[in-house]
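Work through the following exercises with the sequence and the coordinates at hand. Each task is followed by a stepwise solution.

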Amino acid sequence: SDPVGGRPSRSRNVLYRLFAAAFLPQGYPDSVPADYSAFQLWDTVQGFCSYVRSMLTSHALLKGVGVGVEESSALGAVFVFLVRDMSGQLAGVLFAAVQGTGFDAYPKQWRLFADTMNNVGLMIDLMAPQLLLDENGAADGPGERSRSSENLFLTLLCCGRVCFALVGVAGGASRSALTYHFSKDGRNAADISGKEGSQETLASLVGMLAGFYLLKTLDALERSIQAQVQWLVFSLLTLLHMYSNYRAVRSLQLVSLNASKVSHLWTRFSAGQVPSPADYAQYELSPLHLYDWVREKVNVGKGRKIDIVFGEHPLGEEEEAEGQVTASLSDPDGDYGITLTLGPLAFGRGVRGTLFVSVREGAQEGRRKLKAYCHAVHIKSWVIRSLEARSGPAIKRGRIDEEWASYILLKADEGDVFRRHDRKISKGWTWWDRFWRDLKKKGWARDKVYIY
């Protein structure tokens, strides 16, 4: 082979190895799941959009606090940023205390929530300084500003910082869950987290440079059109940011199990087979997913609301609410119990029910919790179908007797779904056993059950 002709190829190989060592996990692509590359690509695009927009908002905020205005004081600007940052820190602490374990169960949704709040916060930061500009787009001095405009400016800055605090908590928690997903059970989590930081640093450097040159271009324009062009660029980058985030989370094929995912998997299994993580990723956050969510809400609107709650039924209350009935069943092995309460809706006409699920603690608690939740989903579908079949004046008024509620639990428990009634027919297998086996075959992580 020609050594001269081989130099470009060797140079490219050297550059790729240097790039891979700096920005890709060791052993890539074999050391990460198949969805890693697509997610990181779209994540880098959205990060770039965020950093360009942050340059625009920083420029606007500096104008708002009076940078470049002779009458402005540094102490006044420090006070504004002090109040703003304190608001954000308090909001972050409160949000983390309230939310807790939900981040592990729904990292995709919390990731989208974080990026939505980021967009809202950036928009507020860009909008707030407009209150302190004169008709020519120049910043007013402290003596020219009204007290109301200054108070509104400070209030908006605090609201923007609250949004960023929610971004920090939700985004950081969901990123930790995603890092664990990419690391294949935590074996190379530190390496993936470090390379994620390097990728974000690269996106931020490019984004800030692009933002700086964008600001120079905007400053060269006439003052009368600067604001319009600035908002146009900001809006286009926001649309690209939202699209990139949507593509990023849609590319994820998470193998952990949460309540809504298990409910869908059990429903699909009842109709034929368990979807794989790749199949579910195509369904989740899709128009069909939205349609199913709306259909469930419509069911609620028709007066058929059934909730599933983990925890003991409040048996300490000796008197049931007026019109409320209760029925219970237990797993034959004593692993869990389910209590169904039915009664009239507090507002409007119809029936509201709650399935209280209590799981015995101990070994294989994840499997017990998963089985108990599937059993509750199965009962819920029976209750809703029965209410539809028995729709009439009594149902619409929420009148249901205890005998009917017990009958529904009995009918839902028929067949070899969760318990073996006839070993000769079922050969010792229940539908639940098959579901549990199929979860493993399809690649779901049966030890990662986040149902609370």
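Two strands pair if DSSP finds at least two bridges between them. Helices (H or I, at least four residues) and strands (E, at least two) are DSSP runs, numbered from the N terminus. The model is predicted, so that local features need pLDDT of at least 70, side-chain atom pairs count only at pLDDT 80 or more, and totals for chains, interfaces and linings use all residues. Residues are numbered from 1 along each chain as its sequence is written, and side-chain values use heavy atoms, with hydrogens and water left out.

**Exercise 1.** Determine how many bridges join β3 to β4, and in which direction the strands run.

Solution. Take β3 as residues 325-330 and β4 as residues 336-344; six bridges join them, and the strands run antiparallel. Next, locate Ser-328: Thr-339 in β4 stands opposite. Finally, inspect the hairpin: five residues lie between the strands, and Gly-334 has a positive phi near 75°.

**Exercise 2.** Identify the backbone features at Pro-29 and Leu-285.

Solution. Pro-29 is in the loop between α1 (7-23) and α2 (36-64). The peptide bond joining Tyr-28 to Pro-29 is cis, with omega about 5°. Leu-285, in the loop between α10 and α11 (287-301), has a positive phi of about 65° although it is not a glycine.
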